[in-house]
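Student: I'm new to this one, and I'd like to go through its charged side chains with you. Can we look at it together?
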Amino acid sequence: MEHAPLPIIDLGALLGSPQARTEQLALLRRTAREVGFFYLTGHGLEAAALAAPLALGERLFALPAEQKRAVAMLHSPHFRGYTGFGAELTRGRPDQREQFDIMNEGQALAEVRLPWQRLIGPNQWPERLPELRPLLLGWQSRMGQIGSQLLAAFAEALGQSPDMFHDNLSPEPYLHTKLIHYPGVSGGERQGVGAHKDPGYLTLLLQDSRGGLEVEMNGQWVAVPPLPGALIVNIGELLELASDGYLRATLHRVVSPAAGIDRLSCAVFMAARLDTEVPLMALPAELAALAEGPQSDPANPLFTQVGDNVLKGRLRSHPDVAARHYPQPAVA
């Protein structure tokens with residue numbers, strides 16, 4: 001820990017011998033309660049696998065502007081595709097980054113009865129980079145597997161059955177992957193992405209060597225530098241909701257790098273199936289006594305219906321897509 005501001009969870013130990021699992025489950029419970037962020041090692045991903053998404057992301061963002069605009073998110077009612085600098089908002093302010101978003105690959109529903117059902121549909125893929133599709137979908141699937149293992153561990157750490165989320169996630173959870181490029185800036189606005197909490201169960205982040213991520217701890221912003229070979233995991237609002245506030249989603253942000261330096265990252269946001277409700281934990285008495293309920297923010301209400309919760313975040317972050325494809329209020 002002398003080299004890292006966050007606790008380190010070893011997934012291999014978490015899935016290993018009873019003694020190792022007991023120790024890691026206790027650390028996981030403390031970490032999620034007190035910090036909400038941790039480095040994840042022991043995930044089985046080799047260096048080449050960790051390098052591939054960011055290397056391909058660098059090629060993606062180097063494409064000519066017209067090729068990126070051809071797959072602009074504005075074309076997609078499913079919130080998939082490319083977003084240019086300043087087009088995504090966090091707390092009403094533009095983020096200084098460009099990004100490319102995908103979700104579960106599928107077909108748009110022929111009949112939409114509920115607003116969140118419009119999230120279901122195909123991804124957009126740039127024609128000049130055909131290798132992006134298999135690599136990014138494969139990475140997303142692998143992060144979903146790791147996320148499912150972590151959710152089972154969280155449930156067990158809080159005195160629940162390890163399979164309490166199984167029905168909520170099967171046959172596949174909702175997954176949202178975001179490749180992100182933060183350009184260097186000189187002075188002025190440094191909001192790579194503003195302070196926020198993530199909306200799902202878990203986020204699994206791969207970042208390059210430049211850093212920039214900051215986490216709020218005890219009222220202070222703490223830099224979270226990359227740890228070679230590790231992913232960064234944080235809990236989201238749905239896990240806070242499921243645990244009645246025993247686990248806390250933590251505010252975090254990204255500060256833009258200095259001029260002449262570019263930062264790349266790949267985040268996978270994991271939630272339950274969109275058509276499900278968040279299962280609520282019946283916590284043991286000693287944990288329930290510490291659970292104060294999920295934090296209430298009138299500007300960011302939490303919904304137990306997963307699709308409503310996901311759509312709420314998409315509409316707020318991408319007002320241009322919302323205006324084009326969701327002209328009427330979609331969530332009360």
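Student: Is Lys 178 buried or exposed here?
Tutor: In this predicted model, Lys 178 counts as buried because its relative accessibility is 3%, which is under the 20% cut-off.

Student: Which side chain does Lys 178 meet in a salt bridge?
Tutor: The side chain of Lys 178 meets that of Asp 101 in a salt bridge, at 2.8 Å from N to O. The pair links distant parts of the chain, with Lys 178 in strand E7 and Asp 101 in strand E6, 77 residues apart. Asp 101 also counts as buried, at 0% relative accessibility.

Student: Which residues are joined with them into one network?
Tutor: Salt bridges that share partners join Lys 178 and Asp 101 with Glu 88, Asp 95, Arg 97 and Arg 314.

Student: Where is Arg 97, then?
Tutor: Arg 97 sits in the loop between strand E5 and strand E6, and this residue is buried, with a relative accessible area of 7%. Its side chain makes a polar contact with the side chain of Glu 88 at 3.0 Å, and among the residues that Arg 97 touches are Lys 178, His 181 and Tyr 182.

Student: Changing topic, how many salt bridges does the structure hold?
Tutor: The structure holds 15 salt bridges, and one of them is between the side chains of Glu 214 and Arg 253, at 2.8 Å from N to O.

Student: What does that pair tie together?
Tutor: Glu 214 lies in strand E10 and Arg 253 in strand E13, so the pair ties together parts that are 39 residues apart in sequence. Glu 214 is buried, with a relative accessible area of 16%, whereas Arg 253 counts as partly exposed at 27% relative accessibility.

Methods
Residues are numbered from 1 along each chain as its sequence is written. This is a predicted model: local features need pLDDT of at least 70, side-chain atom pairs count only at pLDDT 80 or more; totals for chains, interfaces and linings use all residues. Side-chain values use heavy atoms; hydrogens and water are left out. Helices (H or I, at least four residues) and strands (E, at least two) are DSSP runs, numbered from the N terminus. Buried means under 20% relative accessible area, exposed over 50%, partly exposed in between (1.4 Å probe, protein chains only). A polar contact is a pair of N or O atoms within 3.5 Å; within protein, one must be able to donate a hydrogen and the other to accept it, and residues adjacent in sequence count only if both atoms are side-chain atoms. Contact means heavy atoms within 4.5 Å. A salt bridge is a side-chain nitrogen of Lys or Arg within 4 Å of a carboxyl oxygen of Asp or Glu. Lists of a residue's contacts leave out its neighbours within four places in sequence.
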